[in-house]
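Hello,

Here is the structure you asked for. Please look it over before reading the notes below.

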Amino acid sequence: MKNTFDHPLPNAQGFFGEYGGSFIPPQLQQVIDEISEVYQTCRQDPDFLDELAYLYKHFVGRPSPIFYAQNLSQKYGADIYLKREDLNHTGAHKINHCLGEALLAKRMGKKKLIAETGAGQHGVALATAAALVGLECDIYMGEVDIKKEHPNVVRMRILGANVIAATHGRKTLKEAVDAAFEAYLKDPVTQLYAIGSVVGPHPFPMMVRDFQSIIGNEAREQFQQMTGALPDNIVACVGGGSNAVGMFTAFLDDAKVEIYGVEPAGRSLTEKGEHAATLTLGKPGIMHGFKSYMLQDEQGEPEPVYSVASGLDYPSVGPQHSYLKDQGRVNYVAISDAQTIDAFFELSRLEGIIPAIESAHAVAQAIELAKSGVKGSILLNLSGRGDKDIDFVVENYGQQYGIESLL
Ligand SMILES: *Cc1c(COP(=O)(O)O)cnc(C)c1O
């Protein structure tokens, strides 16, 4: 399927209502304006769209199927369907926007893609796209994360990317962002900063949304073919919010479709630093170049956040989600670590599908909806596969679920 990008928002300045925009230093604004201009041409250029559609089909393996989760449905009493983004090449939805960003960089004559990565998922997807399109790739990563996420570091290096350690401060994601940003500012002409979600200054929230909207466009058509109707409820997890917005976009005008975005409630919603429920508990503010809900202290500095899913622990959220919350179009809810790990094992053992811990938040919300007697069908976006999480889960929760240590 070819994606077309004709959405009413954001406006020309990159605002979704009052959210989004571009709050960055003037010298960077010039470079970002150029990206914006070229992208505006690309999103209407049949050659660009054809090349992307070709890669989605032949490289990523799209369309990803929809699977009716019969056993899960029977147990909890509602029809639950999965959009299988976990079956994409590299195992998650991130490849959808990394390929788009890589094609844009090539079109602009850039030589190198740079980005930060936390757990390494964005880094691996971007290194993959860079290898395919023929660009250099520098991935900035905290020294602590480099040790923790060793397999992803190895993958990136095999793919030909440079992994550069951020060695200051707490040596994790925030420091990696600082380091990548500093490197980008030194040479914004030959490099493109490939943002990993629907966040950052305009045009990134729009651009990443456009690239991810293939998920909902496919799903809407597939679901109608399978069942003869639209889903009654759709569900996706929200970190920065790219897989969610990708799923939601095609259904926003279908007033009868209830939409749920799932944030991480972590270990506790009432304790600071123990969750990352930005839309549930945050308030509007500006960080990383855009305005959105954020978890912030009195000084407006980002608060520390936590989730069992490292892909979801971000103190802000894509500006379009803030807009959709205020409009009341999307219900934002929070799911705890414990509910998530339960759902992780339920899907694994009832359906033979090991989900990413991020995606397991959406599975848990679908189970909650079913248990509460929600009307009609539920389509959830299974954003990624859980291979990356298996050691962590068994080490921390194995005993609870009947897995004794193998050593
Ligand atoms: C990175 C990641 C997420 C969170 O990112 P979004 O931009 O919110 O989609 C969710 N699921 C998986 C599998 C991820 O790798």
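Is Cys98 buried or exposed? Cys98 has a relative accessibility of 0%, so Cys98 counts as buried. Please keep in mind that this is a predicted model.

Cysteines

A disulfide is a covalent bond between the sulfur atoms of two cysteines. The structure contains 0 disulfides. For Cys42, the nearest cysteine sulfur belongs to Cys98 and is 16 Å away, and Cys42 is in no disulfide. Cys42 is also buried, at a relative accessible area of 0%. Cys98 takes part in no disulfide either, with its nearest cysteine sulfur, that of Cys137, 8.7 Å away. A pair would count as a disulfide with the sulfur atoms within 2.5 Å.

Nonpolar cores

The largest nonpolar core has 85 residues, and Leu113, Phe248 and Leu379 touch the most other members. This core lies between domain 1 (15–59 + 94–209) and domain 2 (61–91 + 213–401), because both give residues to it.

Second largest pocket

This pocket holds about 330 Å³ of space. Its lining is made up of 14 residues, and those nearest the centre are Pro8, Thr249, Leu252, Asp253 and Gln320. Helix H13 (residues 319–327) gives the largest share of the lining, 4 residues.

Regards

Methods
Residues are numbered from 1 along each chain as its sequence is written. This is a predicted model: local features need pLDDT of at least 70, side-chain atom pairs count only at pLDDT 80 or more; totals for chains, interfaces and linings use all residues. Side-chain values use heavy atoms; hydrogens and water are left out. A nonpolar core is a set of buried Ala, Val, Leu, Ile, Met, Phe, Trp, Tyr and Cys residues joined through side-chain atoms within 4.5 Å. Buried means under 20% relative accessible area, exposed over 50%, partly exposed in between (1.4 Å probe, protein chains only). Domain bounds come from an automatic or database domain assignment. On a 1 Å grid over the protein atoms alone, a cavity is a set of points where a 1.4 Å probe fits but cannot get out, and a pocket is an open set with protein on both sides within 12 Å along at least five of seven lines; lining residues have an atom within 4 Å of a point. Grid points are joined across faces, edges and corners, and a volume is the space filled by probe spheres set on the points. Helices (H or I, at least four residues) and strands (E, at least two) are DSSP runs, numbered from the N terminus.
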